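Here's a quick walk through one structure, with a stop at its loops, one of its helices and its cores. Have the viewer open as you read.

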Amino acid sequence: MAQNIYDDPGFFAGYSQLPRQVRGLVGAPEWPAIRSMLPDVSGKRVVDLGCGFGWASRWMREQGAASVLGLDLSQNMIARAKEMTQDPAIRYEIADLETLQLPEAAFELAYSALAFHYIRDFDRLVRMLHRALVPDAHLVFTIEHPVYMAAAHPDWLQDKDGRKTWPVNRYFIEGERRTDWYVQGVLKYHRTVGTTLNALIGAGFALRHVEEFSPTAAQIAAMPALADELERPMMLLISAQR
């Protein structure tokens, strides 16, 4: 079973105040890049893996998706998503992505934002998703970039010129990473870029687009703190097709 950190009261209280949770998709600077990678969702059956508060699930329906199944391990997340949704074509369920089994050929799009790096057995997950998608369907997801999460102590350092530097160590030592974020001991799983992409290829997916998110000049002008994201990749965005 995946670690259910989101039902920790302290974690959930802090997490709920993030701009991407308060403002939704417009509060996520990577959203324009993700949106450009998504296929036309009109008439499609969508599964939203790690749906959180349901922002993407509701957006999919606004764009014409036939139905959306939002899945999340956290009772807190699912409860909040249900509170914020008045749409019978969106169904939310508590589910552990580590053991999830979806029906075969049940969806035309699988989507996930910043959830798969919490999963130990990524190979099993993507093989299951391949079976759950119809031919030509898409899998679009984001994860923390392996460069961002590889280090034993992922935090800014200063080089001899006083410039911010992000440490990269243990990159090729894959597996558990524990960090302190709102609470101690948040568990994630580091995989290299190659391991991530090859798992998709091995499951039968064809890669369509791979992007290492960086903010635009306009985004930095509106939010100067985003300039830090030019120093190292924080997120990896992937589109694949069955």
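In which loop is Ala105 found? Ala105 sits in the loop between strand S3 (90-94) and strand S4 (107-113). Keep in mind that this is a predicted model.

**Positive phi values**

Ala105 isn't a glycine, yet its phi is positive, near 50 degrees. Arg170 does the like: its phi is positive, about 55 degrees, and it is not a glycine either. You'll find Arg170 in the loop between strand S7 (164-165) and strand S8 (175-181). Here are the two side by side:

| Residue | Phi | Relative accessible area |
|---|---|---|
| Ala105 | near 50 degrees | 38%, partly exposed |
| Arg170 | about 55 degrees | 37%, partly exposed |

There's a glycine to look at too: Gly204, which follows helix H8, has a positive phi near 110 degrees.

**Helix H8**

H8 itself spans residues 193-203, and its buried residues are Thr196, Leu197, Ala199, Leu200 and Ala203. Looking down the axis of H8, those buried residues fall within an arc of 150 degrees, so they line one face of the helix.

**H6 against H8**

The axes of H6 and H8 come within 9 Å and cross at roughly 40 degrees. That angle makes H6 oblique to H8. As for handedness, the crossing of H6 and H8 is right-handed. On the H6 side, the contact is made by Phe122, Asp123, Val126, Arg127 and His130, while H8 brings Thr196, Ala199, Leu200 and Ala203.

**The cores**

The largest nonpolar core has 34 residues, and the ones touching the most other members are Leu49, Leu102, Phe116, Leu129 and Leu139. Elements that give two or more residues to this core are strand S1 (45-49), strand S2 (67-72), S4, H6, S5, H8 and S11.

Which residues does Phe116 touch, leaving out those up to four places away in sequence? The list runs to Leu49, Leu97, Phe122, Leu125, Leu129, Leu139, Phe141, Ile143 and Arg191. There's also a second, separate core of 25 residues, with Ile34, Val68, Phe213 and Met235 among them.

Key. Residues are numbered from 1 along each chain as its sequence is written. This is a predicted model: local features need pLDDT of at least 70, side-chain atom pairs count only at pLDDT 80 or more; totals for chains, interfaces and linings use all residues. Side-chain values use heavy atoms; hydrogens and water are left out. Buried means under 20% relative accessible area, exposed over 50%, partly exposed in between (1.4 Å probe, protein chains only). Helices (H or I, at least four residues) and strands (E, at least two) are DSSP runs, numbered from the N terminus. The arc is that of the directions from the helix axis to the C-beta atoms. A nonpolar core is a set of buried Ala, Val, Leu, Ile, Met, Phe, Trp, Tyr and Cys residues joined through side-chain atoms within 4.5 Å. Contact means heavy atoms within 4.5 Å. Axes are lines fitted to C-alpha atoms, for helices over the stretch in contact, and angles run from 0 to 180 degrees between N-to-C directions. Angles under 35 degrees count as roughly parallel, over 145 as roughly antiparallel, 65 to 115 as roughly perpendicular and the rest as oblique. A crossing is left-handed if the near helix is turned anticlockwise from the far one by less than a right angle, and right-handed if clockwise.
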